[in-house]
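Okay, thanks for coming, everyone. Let me put the structure up on the screen and walk you through it.

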Amino acid sequence: MKTLIIILSLAILGGCSMRDTVSMDTPTKQVYDLNDIDHDGVIVARERCNETALGATIDNYGCGKIKPINERQELKILFANDSDYIDPMYYTQVEIIASFMQKFPNTQAVIEGHCSKTGSHEHNQMLSQNRANAVSALLSERFNIESSRLSAVGYSFDRPIDPTHTSAAHRVNRRVIAELTGDDTTADMKWHIYTVDEVVN
């Protein structure tokens, strides 16, 4: 009986090993396009969005994720003590905000003025308001941003970034911040190893 089982097993194994071998004389036709034309990591066969911003966070179909605009940006403007004068050397700082608002025409900007803690609160309230007004006026008059998209508010010395009373603290607390919000959206950019070398809009 054992001998019969062994013979049958060998016959079955021999039959399995005698399958015909098919030669591949012609290239196999590729059913799906596996290329990644826009280099976002999604193949053409699954791609639904071909013009996604390079480097944006995407879903499984290559469509970029977006986020509403809501950011704060400090303008690197150094005001002299007790002054709201903007030196022309700082115009490029204001131009950055103007360029952003031109790119996203539905954004609004709140310009915040801040002061150092020297002098009375009332005096610094007026001074911080004047600094915010000066930046708003520059955006409107020099860079053609509609005044209806701008508002200015002064905070006196109520929101210091350095609460000490050193000369360095007074210097950094004399500042202007633009808070940008709007119905526009921007690409949600993902970080990678080269991000620090790029300007991501």
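**Overall layout**

So, reading along the sequence, our protein chain goes α-β-α-β-α-β-α-β, giving 4 helices and 4 strands. Those are DSSP runs, numbered from the N terminus: helices are H or I with at least four residues, strands are E with at least two. Keep in mind this is a predicted model, where local features need pLDDT of at least 70, side-chain atom pairs count only at pLDDT 80 or more, and totals for chains, interfaces and linings use all residues. Residues are numbered from 1 along each chain as its sequence is written, and side-chain values use heavy atoms, with hydrogens and water left out.

How much of the chain is buried? Of the 201 residues, 30% count as buried, meaning under 20% relative accessible area with a 1.4 Å probe, protein chains only.

Now the strands. E2 (residues 107-113) pairs with E3 (residues 150-154) in the parallel sense, over 5 bridges; pairing takes at least two DSSP bridges. Gly-113 sits opposite Gly-154 in E3. To get from E2 to E3, the chain passes through helix H3 (residues 121-141), and that β-α-β crossover is right-handed. In other words, with the strands pointing away from you, the path from the first strand over the helix to the second runs clockwise.

Last stop: Gln-93, in helix H2 (residues 91-103). What does its side chain reach? The backbone nitrogen of Lys-76, at 2.8 Å. Leaving out residues up to four places away in sequence, Gln-93 touches Glu-74, Leu-75, Lys-76 and Ile-77, where a contact means heavy atoms within 4.5 Å.

Terms used. Buried < 20%, exposed > 50% of the residue type's maximum accessible area, 1.4 Å probe, protein only. Polar contact = N/O pair within 3.5 Å; in protein donor to acceptor, adjacent residues only side chain to side chain.
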